[in-house]
Amino acid sequence: IIDHVNKMESVIFNEMQSLLDDMNDCVAQARVYGMAGCIDIMNPETMDIICSTNEVHPKTKEFKANLSKNGLISLVKGPVMHITPPLISQPQDIKYGFELIRKSLEQTFHS
């Protein structure tokens, strides 16, 4: 299991880097350790973290709804989206999950 997690960590890291590069107006930063990671959502209008941890911003509610509508279940609390794919995930599963994250960010912040 440890070897698999280490391999998938690099896939998640690369997908996060791509997300940061492509969506830098609404993703402030990302981090991953093993197969657990998160992204910090940014307000494109202010270029600052969208809200504090204990707040609910209308755009984070919309983002969470778009994730669900697109078929991805994730914890979004305050400005943070948690990314924790199942341990049995393969690279194509992780890449597909990030496609859904990207689509949901587009729908939320660029439509």
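Contact here means heavy atoms within 4.5 Å, and helices (H or I, at least four residues) and strands (E, at least two) are DSSP runs, numbered from the N terminus. The model is predicted, so that local features need pLDDT of at least 70 and side-chain atom pairs count only at pLDDT 80 or more, while totals for chains, interfaces and linings use all residues. Residues are numbered from 1 along each chain as its sequence is written, and side-chain values use heavy atoms, with hydrogens and water left out.

Strand 2 is largely enclosed by the rest of the structure, because seven of its eight residues are buried. Its pairings (two strands pair if DSSP finds at least two bridges between them) are set out below.

| Strands | Bridges | Sense |
|---|---|---|
| Strand 1 and strand 2 | six bridges | antiparallel |
| Strand 2 and strand 5 | four bridges | antiparallel |
| Strand 2 and strand 3 | two bridges | antiparallel |

Aspartate 40 lies in strand 2 and is buried, with a relative accessible area of 5%. Its side chain makes a polar contact with the side chain of arginine 31 at 3.0 Å, a polar contact being a pair of N or O atoms within 3.5 Å, where within protein one must be able to donate a hydrogen and the other to accept it, and residues adjacent in sequence count only if both atoms are side-chain atoms.

Notes: Buried means under 20% relative accessible area, exposed over 50%, partly exposed in between (1.4 Å probe, protein chains only).
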